[in-house]
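Please consult the sequence and the coordinates alongside the text.

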Amino acid sequence: MATGETGFDDVSYDLISVQYHALKAGHDYGQYVRDAENAGKHEIAAFFRRVMEEDSARAKQCHEFLKELTGSADAGPAMT
């Protein structure tokens with residue numbers, strides 16, 4: 001198992017990274033929805049809501065994968 005400088009295996013690190021970015025983007029999209037609604041651009045606001053839902057689903061899937069990995073020796077801090 002390869003480990004990076006974080007002490008976590010690459011797959012766990014990658015999942016955590018994708019999850020973080022999906023959650024961060026989801027937070028930002030809320031502002032985009034408000035901006036579009038305030039501008040009367042309801043179709044664009046609906047687009048941003050769909051993107052936000054997709055990122056939420058992506059973050060949830062990462063969480064599920066991480067739970068699976070946590071139950072095995074394939075995730076978590078590397079043993080040295």
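Predicted model: local features only at pLDDT ≥ 70, side-chain atom pairs only at ≥ 80, totals over all residues.

## Surface and overall make-up

Residues are numbered from 1 along each chain as its sequence is written, and side-chain values use heavy atoms, with hydrogens and water left out.

The protein contains 2 helices and 0 strands; both kinds of element are DSSP runs numbered from the N terminus, helices being H or I with at least four residues and strands E with at least two. Of the 80 residues, 26% are buried (buried means under 20% relative accessible area, exposed over 50%, and partly exposed in between, with a 1.4 Å probe and protein chains only). Among contacts between residues at least 6 apart in sequence, 61% join residues at least 24 apart, a contact being heavy atoms within 4.5 Å.

## Helix H2 and its packing

Helix H2 covers residues 42–70, 29 residues in total. From first C-alpha to last, H2 reaches 42 Å, close to the 42 Å expected at 1.5 Å a residue; the expected span is 1.5 Å times one less than the number of residues.

The buried positions of H2 are Ala45, Val51, Asp55, Ala59, Cys62, Leu66 and Leu69. These buried residues pack against helix H1 (10–38).

## Buried positions between the helices

Glutamine 19 lies in helix H1 and counts as buried because its relative accessibility is 16%. Leaving out residues up to four places away in sequence, glutamine 19 touches Ala59, Cys62, His63 and Leu66. Valine 33, also placed in H1, is buried with a relative accessible area of 9%. Beyond its neighbours within four places in sequence, valine 33 contacts Ala45, Phe48, Arg49 and Met52.

Aspartate 55, in helix H2, is buried at 8% relative accessibility. Its contacts, not counting residues up to four places away in sequence, are Ala22, Ala25 and Tyr29. With the tyrosine 29 side chain, the side chain of aspartate 55 makes a polar contact of 3.4 Å (a pair of N or O atoms within 3.5 Å; within protein, one must be able to donate a hydrogen and the other to accept it, and residues adjacent in sequence count only if both atoms are side-chain atoms).

## Aromatic cluster

The whole structure holds 3 aromatic pairs. In the pair of tyrosine 29 and tyrosine 32, the ring centres are 5.6 Å apart and the planes lie at 55°, so the pair is tilted. Rings of Phe, Tyr and Trp (its six-membered ring) pair if their centres lie within 6.5 Å; planes under 30 degrees apart count as stacked, over 60 as edge-to-face and the rest as tilted. The two tyrosines, tyrosine 29 and tyrosine 32, are separated by about one helical turn because they are 3 residues apart in helix H1. Tyrosine 29 is buried at 16% relative accessibility, whereas tyrosine 32 is partly exposed at 35%.

Phenylalanine 47 and phenylalanine 48 form a tilted pair, with 5.6 Å centre to centre and 55° between the planes. Phenylalanine 47 is partly exposed, at 42% relative accessible area. Tyr29, Tyr32, Phe47 and Phe48 form one aromatic cluster.

## Salt bridges

A search of the whole structure returns 4 salt bridges, each a side-chain nitrogen of Lys or Arg within 4 Å of a carboxyl oxygen of Asp or Glu. One of them joins glutamate 37 and arginine 49, whose closest N and O atoms are 2.9 Å apart. This pair links distant parts of the chain, with glutamate 37 in helix H1 and arginine 49 in helix H2, 12 residues apart. Glutamate 37 is partly exposed at 27% relative accessible area, as is arginine 49 at 34%.

Other salt bridges include lysine 24 with aspartate 28, at 3.0 Å between the closest N and O atoms; both residues lie in helix H1, 4 residues apart, about one turn of the helix. In helix H2, glutamate 64 and lysine 67 are 3 residues apart, again about one turn, and their side chains meet in a salt bridge of 3.6 Å, N to O.
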